[in-house]
Amino acid sequence: MSEFWAYLQLGFAHITDPGGYDHILFVVALCAIYSLNQWKQTLILVTAFTIGHSLTLALATLQLINYSTELIELLIPVTILITAISNFFFKVPKSRFNEQPKQPRGRYVLALLFGLIHGMGFSNYLRSLLGQQSSIIKPLFAFNIGLEFGQIFIVFGVLTMAFILIEILKVRRHDWNLIISGTVAGMALSLIITNPYFA
């Protein structure tokens, strides 16, 4: 149990680590268009992302798939940029926090597919922790649960911030979406430009 708890904490710490903020940016971009009273839809969306990254995290950690680490490090900010830009075309209510916009079609599929890419990024870190350890099933499972808890933590942080700004400070949802999505898009673009592929 101590090993399980240790890897769970490592998974949580990895995705919430400000030093490796690319995964944080993606989760923020995913839930930028949602409000606090849409937390169920948001968690379902994040779960789609979890299914995607769980699959490739397991396959890559078990060394059942091979990939270019440099390419994955480029593709991750690309997924962030695409998600953030897609938010610009989402029509949110102009004022009230509790108005329910229609769910964008294909967003869950997008989260699932992009999760596949992020899972390979997670596996690099996990494999460095495992080293030559023979049994990796339990650490893999615990690490993945830690990632999920971390994602939920980030989601509720963003939704709470949205609630404060929109419902209490009366910032328009449209403006909130543009500000947070624009900020994420700019940071993702910076990661792409500074990637070794363009060096």
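These legends describe several close-up views of one predicted model.

The structure is a predicted model in which residues are numbered from 1 along each chain as its sequence is written, and side-chain values use heavy atoms, with hydrogens and water left out. Local features need pLDDT of at least 70 and side-chain atom pairs count only at pLDDT 80 or more, while totals for chains, interfaces and linings use all residues.

**View 1. The largest pocket and its lining.** The largest pocket has a volume of about 330 Å³. Of the 16 residues that line this pocket, those closest to its centre are G20, D22, H23, E73 and I76. Two or more lining residues come from each of the helices α2 (22-31), α4 (69-88) and α5 (107-130), and α4 gives the most, with four residues. Helices here are DSSP runs (H or I, at least four residues), as strands are (E, at least two), and they are numbered from the N terminus. By type, the lining divides into seven nonpolar, seven polar and two charged residues; Ala, Val, Leu, Ile, Met, Phe, Trp, Tyr, Cys and Pro count as nonpolar, Asp, Glu, Lys and Arg as charged, and the others, Gly among them, as polar. Rolling a probe the size of a water molecule over the atoms shows where empty space is left. On a 1 Å grid over the protein atoms alone, a pocket is an open set of points where a 1.4 Å probe fits, with protein on both sides within 12 Å along at least five of seven lines, and lining residues have an atom within 4 Å of a point. Grid points are joined across faces, edges and corners, and the volume is the space filled by probe spheres set on the points.

**View 2. H23 in helix α2.** H23, which is found in helix α2, is among the residues closest to the centre of the largest pocket. Its relative accessible area is 4%, so H23 is buried (buried means under 20% relative accessible area, exposed over 50%, and partly exposed in between, with a 1.4 Å probe and protein chains only). Not counting residues up to four places away in sequence, H23 touches H14, I15, I76, H118 and F122, where contact means heavy atoms within 4.5 Å.

View 3. Helix α3 (residues 39-61) has 23 residues and reaches 31 Å from its first C-alpha to its last, close to the 33 Å expected at 1.5 Å a residue, the expected span being 1.5 Å times one less than the number of residues. Within α3, Q41 counts as partly exposed because its relative accessibility is 23%. Q41 and F156 are 115 residues apart in sequence, yet their C-alpha atoms are 12 Å apart in space. A60, also found in helix α3, is buried because its relative accessible area is 0%, and A60 touches I65, Y67, S123 and R127 when residues up to four places away in sequence are not counted. Just after α3, Q63 takes a positive phi of about 60°, in a residue other than glycine. Q63 lies in the loop between α3 and α4 and is exposed, with a relative accessible area of 56%.

**View 4. Helix α6 and the residue K170 that follows.** Helix α6 (residues 137-168) has 32 residues and reaches 46 Å from its first C-alpha to its last, close to the 46 Å expected at 1.5 Å a residue. Just after α6, K170 takes a positive phi of about 65°, and K170 is a residue other than glycine. The place of K170 is in the loop between α6 and α7 (173-193), where K170 counts as exposed because its relative accessibility is 51%.

View 5. D175 forms a salt bridge with R172, and their closest N and O atoms are 3.2 Å apart. D175 is partly exposed at 28% relative accessibility, and R172 is partly exposed at 36%. W176, in helix α7, is buried because its relative accessible area is 6%. Leaving aside neighbours within four places in sequence, W176 is in contact with A32, V158, M161, A162, L165, I166 and V171. The C-alpha atoms of W176 and I33 are separated by 8.5 Å, although these residues are 143 residues apart along the chain.

Methods
Salt bridge = Lys/Arg side-chain N within 4 Å of Asp/Glu carboxyl O.
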